[in-house]
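I opened this notebook to record what I looked up in one structure.

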Amino acid sequence: MMQKQLLCCRVNGEERQFAVAPNRLLLDALREDLELTGTKRGCDDSSCGCCAVLIDGVPMLSCATLAVSCEGAEVTTVEGLGAAGALDPTQEGWVECAGAQCGFCTPGFLITTVALLRRNPNPSLDEIRDALSSNLCRCTGYMQIYESVKYAVEKHQKSTPVPAGTAAAR
Amino acid sequence: MSAADHNTATIGKPMPMTDARTKILGLGKYADDLHVPGMLTGRILHSPHAHARIVSIDTSRAAALPGVQAIATGQDAPTPYGILPIGHDECVFAVDKVRYVGDNVAAVAATSAEIAEQALDLIRVEYEPLQPWVDPEESMKAESDWIHGSRPHNIEKEYHHSFGDPEAGFCKADFVTERRYFAGEVNHAAMEPHSTLAIWEPDDRLMVYSSTQVPYYLHRTISEVCAMPMNRIRVIKPLIGSGFGGKSEVIPIEIAASVLAKKTKRPVKITYTREEVFYAHRGRPRTIVDLKMGITHGGKITAVQARVVQDGGAYCGFGPVTVLYSGALIGAIYDVPAVRFDGYRVLTNKPACGAMRGHGTVNVRFAFESMMDELAQKASLDPADVRRTNLLKAPCVTVNGLRVTSYGLPECIEKVVDRSDWSKKKGKLPRGKGIGIACSHYVSGAANPIIRSNMPHTTVNIKVDRDAAVTVYSGASDIGQGSDTMQVQIVAEVLGVRPERVKLISADTELTPIDLGSYSSRVTFMVGNACIDAAKKIREQIFAAVAKKFGCSPSELVSADETIYKRDDTRMRVTFDEAVVMAIEFHGALVSQGSYAPPEDARGGKFKGAGVGPSPSYSYGAQVAEVTVDPETGHVRVDNITAAHDCGKALNPLAVEGQVIGSVYMGFGQAMQEEMVWNGARLMNPSLLEYRIPTTLENPQIECMIVESNDPEGPFGAKEAGEGSLAATIPAIANAIYDAIGVRLDTVPFSREAVLEGLRKNAGVTPKAKAREGNGSARAVNAAPCSNNGESQK
């Protein structure tokens with residue numbers, strides 16, 4: 001077994017220090033070491049997007065990221081979306097428009113959508129399709145996911161812009 | 001309860017899923033999210049051979065590896081099992097021989113996944129390879145080396161049915177066509193890989209959390225294989241990352257984890273890799289359909305004949321049911337006077353097929369609806385008109401004895417025709433653009449249970465105590481389709497309370513009464529009716545107490561808006577909380593039990609195989625697809641699909657739309673890009689990278705229109721919504737491709753090569769590339785001379 005090393009990073013706004021083996025995937029570190037099981041494993045070849053998290057605001061696949069590479073980074077998982085006590089508009093959209101059926105792909109879609117709306121607060125349908133093509137959903141046929149995103153866009157436009165999932169938002 | 005009873009408060013209104021919040025917060029627990037102290041990790045050793053005798057297994061080196069807690073092989077659990085009573089042919093670990101690449105040979109429980117995997121490498125298995133059977137038509141001819149000794153010539157089951165007078169029907173026809181169709185094998189590809197956590201309890205009980213659609217059948221099977229009484233086993237279904245049928249049989253890890261937990265007396269969790277999901281499989285079989293159909297000049301179908309061969313894989317699974325469904329629903333959507341069906345479920349050395357969304361009906365419906373389009377063209381009729389011409393006159397009984405109680409297909413056809421501007425587009429679009437129509441249907445639950453009995457198919461209990469909370473205990477398995485929400489809505493509606501007051505405890509064999517599971521689209525119809533039954537019994541108890549206080553008859557009372565009041569004097573009212581206290585004083589704590597079993601006259605005929613197909617009610621759907629075909633590359637883009645679905649009554653339109661669109665999406669995937677590709681007996685694409693389910697980029701715009709035919713026996717008139725639409729998508733696309741370029745495609749998925757081949761043929765050019773099997777095999781003729789002019793038909 002490889003010698004573990006100490007990893008210091010911020011996860012969902014909190015300082016975390018824990019020991020991980022150099023070959024440990026961020027996905028396993030999140031799910032098993034930090035018990036943040038919201039991030040899912042749906043495949044073994046980085047094709048489904050269920051494990052997406054934000055690393056310093058950029059959506060990344062945690063199944064293709066070594067945990068040790070997150071030294072000093074800000075990691076946001078689905079559990080860290082939204083401000084304290086309030087849902088992110090994206091999450092609200094997924095509830096109201098039935099973006100989630102079985103819900104297994106939902107965390108990855110939420111992460112991808114939050115990142116999309118930060119860089120493009122008013123995306124067209126084509127831009128939504130393009131951004132979400134990194135994630136697979138087997139239940140919805142995507143139509144209610146587009147509705148969920150549109151709900152979040154409208155909600156974003158109405159509310160005070162608080163960047164979701166950042167330390168400032170907690 | 002009919003829809004006309006009163007204006008509904010929650011029924012028929014879009015309602016977000018009751019479990020949506022826990023899912024979007026990332027807090028919901030799926031099986032692989034569970035972790036308990038002392039938990040071991042299990043891994044499975046799979047066979048590298050398609051068909052081989054096991055000569056010896058040496059586990060000694062693996063057992064010596066530090067951290068390995070137990071190794072299990074066939075000797076540890078030799079009791080065969082299977083979802084059907086007639087198909088107990090698989091053991092959790094192969095006992096004498098392996099039957100497909102990926103078959104289960106042994107399992108290890110260790111203190112970490114890494115150690116478990118190292119241990120698998122240390123297990124030595126000596127095999128003696130046997131002749132593998134990979135092609136079903138070759139397999140059927142096998143004289144030796146049969147996959148199961150008890151199944152001569154590798155035929156799992158064959159059925160031969162004839163209804164009406166098919167010979168006379170074909171004689172009556174003005175146009176007859178015959179064609180061979182192929183459909184490739186597809187997998188459910190549910191996003192959650194299967195996972196099971198089995199916990200051995202200190203009092204020698206077993207608790208199993210598993211990603212299952214059928215907790216009750218799992219409960220039974222663990223009991224049989226682990227030789228423990230059911231009352232010492234508890235099965236709990238946590239959140240499920242969807243199933244589509246892939247979790248509707250007992251899957252090897254569920255037994256493997258149980259066996260290892262019993263052996264180690266510790267918790268053992270096993271989660272499949274995505275590759276293992278493809279070996280566990282149970283998907284839609286590769287199917288060969290030889291179809292013949294006759295119609296009159298006016299477009300009326302006179303007879304249909306189908307020979308169906310399903311490449312079932314190495315074990316029985318749901319196989320006989322799958323092949324029976326492929327026949328039973330041929331003659332049940334339209335008024336077909338005569339049907340002949342020959343169905344073969346064939347064993348091959350590949351992962352076992354099973355139930356997948358639209359179970360058994362999808363590939364035959366593709367053939368049927370494609371051929372209708374072809375015959376319409378030969379008769380110079382509008383394909384939509386041909387479908388109108390052949391409608392059933394419900395209520396009725398179909399030629400094969402299926403009872404039709406409600407029938408929204410006519411309205412579905414009109415809706416999609418109107419919405420798509422069909423009459424302006426069909427045959428009138430520029431070359432390369434096309435439009436196609438097709439219909440489909442499905443059962444709202446099987447009228448006969450898998451294990452025949454007269455017991456209810458589902459039971460629901462309700463408890464209301466002094467806190468006035470309404471707790472529903474139901475065995476039904478929500479796998480993402482929203483059945484928990486449906487039950488909450490129904491109970492709230494009947495009791496006249498807000499849905500927030502209703503708490504559902506579901507799918508835990510220790511707490512909830514038995515429900516047969518989430519398969520055959522049975523839950524809304526059956527569990528919904530049981531919920532109405534149970535809630536009405538609670539309401540009766542409450543009304544009795546309130547009526548006593550008001551000095552009136554219970555029949556004068558109404559429950560709505562969280563109050564109970566007199567219908568003709570609304571000043572006489574009490575809140576629901578007050579009424580519950582009154583009733584408790586009157587009765588003691590309120591409890592009730594509701595159940596459902598399909599009526600006797602819905603259970604079908606008496607012939608061999610008659611048990612599959614009958615349902616208390618059927619859903620119907622019609623779809624129009626529009627495509628753009630590039631004649632240079634053969635690329636087909638599906639631009640949009642308009643789907644109308646008769647779900648009886650949309651209890652929750654938000655959920656119904658999600659189910660219908662999801663079905664269309666899955667049909668689109670099968671039509672255009674999904675296929676399990678084999679090199680002999682080896683699966684070449686067991687991953688989501690290479691087994692390509694559609695992303696947002698390929699997926700067409702899909703619009704869902706709901707049709708409500710108000711079934712007389714459905715809960716508030718409801719029928720199924722989760723499967724029936726899938727089957728129409730594939731032929732709607734095929735027919736649109738024909739409209740675009742004049743090429744009939746008979747092999748699913750529709751490939752660019754087949755499109756180009758068809759275009760070359762049409763242009764009269766000798767094809768350079770050999771077409772995929774079956775292409776262009778149609779034989780369409782005017783009806784052959786016939787001594788019998790069909791008088792016998794009358």
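I first noted the cut-offs for burial: a residue is buried if 20 or more other C-beta atoms lie within 10 Å of its own, exposed if 12 or fewer, and partly exposed in between. I also noted that this is a predicted model.

Entry on Trp678(B). I counted 19 other C-beta atoms within 10 Å of Trp678(B), so this residue is partly exposed. I located Trp678(B) in strand E28 of chain B, which covers residues 678–679. Setting aside residues up to four places away in sequence, I found that Trp678(B) touches Val134(B), Leu683(B) and Met684(B). I then looked up Lys350(B): 328 residues separate it from Trp678(B) in sequence, yet the C-alpha atoms of the two are 9.3 Å apart in space.

Entry on chain B. I found 19 helices and 32 strands in chain B. Its radius of gyration is 27 Å, close to the 28 Å that the globule rule gives for 794 residues, so chain B is as compact as a globular protein of that length. Along the principal axes, the C-alpha atoms fill a box of roughly 85 × 80 × 50 Å. I recorded 62% of the 794 residues as buried.

Entry on the core. The largest nonpolar core holds 312 residues, and Ile733(B) and Phe750(B) are among those with the most contacts inside it. Helix H15 of chain B, residues 523–550, gives the most to this core, with 14 residues. I looked up the contacts of Ile733(B) beyond four places in sequence; they include Gly436(B), Ala625(B), Val638(B) and Phe750(B).

Notes: Residues numbered from 1 in each chain as written. Chains lettered and ligands numbered in written order. Predicted model: local features only at pLDDT ≥ 70, side-chain atom pairs only at ≥ 80, totals over all residues. Helix = DSSP H or I, 4+ residues; strand = E, 2+ residues; numbered from the N terminus. Contact = placed C-beta atoms within 7 Å. Rg over C-alpha atoms; globule rule 2.2 N^0.38 Å. Core = buried A, V, L, I, M, F, W, Y, C linked by C-beta atoms within 7 Å.
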